[in-house]
Protein chains: 2
Amino acid sequence: MKRDTRDMVTYPVNPIGVVRSTLRTRRDAPRQGCEGAPEAWLEVAPAVAKGLEGIAAGDEIIVITWFHRARRDVLEVHPRWDKRIPLTGVFATRSPDRPNPLGLHRVRVLEIAGDRLRVGPIEAIDGTPVVDLKPVLPGAADS
Amino acid sequence: MKRDTRDMVTYPVNPIGVVRSTLRTRRDAPRQGCEGAPEAWLEVAPAVAKGLEGIAAGDEIIVITWFHRARRDVLEVHPRWDKRIPLTGVFATRSPDRPNPLGLHRVRVLEIAGDRLRVGPIEAIDGTPVVDLKPVLPGAADS
């Protein structure tokens with residue numbers, strides 16, 4: 001594969017906040033956000049809280065998390081941890097175990113209290129780092 | 001803000017591939033993927049190519065990129081680079097300039113050739129690192 005050296009560097013992700021949830025372990029987490037996940041608070045770091053300006057209660061947003069408990073050396077999984085389903089490449093699944101364990105969570109903003117957002121439903125466990133927030137763009141190809 | 005030390009660490013993102021596109025500069029890129037963005041090839045690193053197993057031509061996937069040319073110290077922008085629109089927090093926009101410059105691109109897989117995927121439309125410039133691929137889950141809350 002041709003790649004110039006610029007593409008090979010590693011980039012540091014600095015969490016912008018953290019999930020505060022009643023989900024304490026990966027085993028507690030439902031398999032998809034729509035299957036009974038709870039609400040949670042997102043605590044956003046004061047240093048970047050200005051970036052929240054324009055988000056309102058009622059909005060749908062995409063929360064990008066870093067699954068800090070995930071295994072990064074996994075390339076194939078049984079989807080939904082169901083051994084009856086054949087091994088599948090992680091990029092064809094939403095497994096948290098993957099080379100860069102990013103999680104995408106489309107949620108509703110339920111409440112804003114200073115630098116904290118109450119959102120839901122979200123299947124991330126307590127302490128999961130939040131690395132980005134993005135609006136859902138109605139009709140856009142990339143939401 | 002109460003955060004334990006675990007949340008404060010920095011995580012290294014290792015690109016899994018790179019975008020090969022006719023878009024050469026940020027100025028070339030359309031403002032949203034749906035506004036005339038071209039197709040592109042995603043070159044996936046051989047070391048993680050096994051993770052592609054299960055992706056097929058015709059699938060819709062979400063490509064997560066790292067906007068390596070972005071400014072990470074920006075917290076407010078004029079959406080769509082339109083100075084007539086008031087300054088807005090970056091987390092309420094899709095600006096590439098943001099603390100962790102992750103890009104979300106919902107695209108169609110048009111062709112698979114070994115470790116390369118032809119996808120579109122996608123508004124990332126040539127050389128943009130790819131950090132994750134995920135399936136679009138019909139009806140799921142997090143797609």
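Visitor: Which strands form a hairpin with two residues between them, in chain B?
Guide: β7(B) and β8(B). This is a predicted model. In the turn, G114(B) has a positive phi of about 65°.

Visitor: How many bridges hold that pair, and in which sense does it run?
Guide: Five bridges, antiparallel. β7(B) covers residues 102-113, and β8(B) covers residues 116-120.

Visitor: Which residue stands opposite I112(B)?
Guide: L117(B), in β8(B).

Visitor: What about β4(B), which strand is it joined to?
Guide: β4(B), residues 60-66, is joined to β7(B) by seven bridges. These two strands run antiparallel. Here I61(B) faces V107(B) across the pairing.

Visitor: Switching to chain A. What is its secondary structure?
Guide: One helix and nine strands.

Visitor: How much of chain A is buried?
Guide: Of its 143 residues, 57% are buried. The chain exposes about 6300 Å², with carbon and sulfur atoms supplying 52% of that.

Visitor: And contacts, what share is between residues 24 or more positions apart?
Guide: 73%, counting contacts in chain A with a separation of 6 or more.

Visitor: Now the two chains. What rotation puts B on A?
Guide: 180°, with 0.0 Å of shift along the axis and an RMSD of 0.0 Å. That is the relation of a two-fold axis.

Visitor: Which C-alpha of chain B is nearest the axis?
Guide: That of P12(B), 2.3 Å from it.

Visitor: Why say the copies meet through the same surface?
Guide: Because 100% of the interface residues of chain B are also interface residues in chain A.

Methods. Residues numbered from 1 in each chain as written. Chains lettered and ligands numbered in written order. Predicted model: local features only at pLDDT ≥ 70, side-chain atom pairs only at ≥ 80, totals over all residues. Heavy atoms only, no water. Helix = DSSP H or I, 4+ residues; strand = E, 2+ residues; numbered from the N terminus. Buried < 20%, exposed > 50% of the residue type's maximum accessible area, 1.4 Å probe, protein only. Contact = heavy atoms within 4.5 Å. Areas by Shrake-Rupley, 256 points an atom, 1.4 Å probe, with all protein chains shown as cover. Least-squares fit on C-alpha atoms with pLDDT ≥ 70 in both. Pairing = 2+ DSSP bridges.
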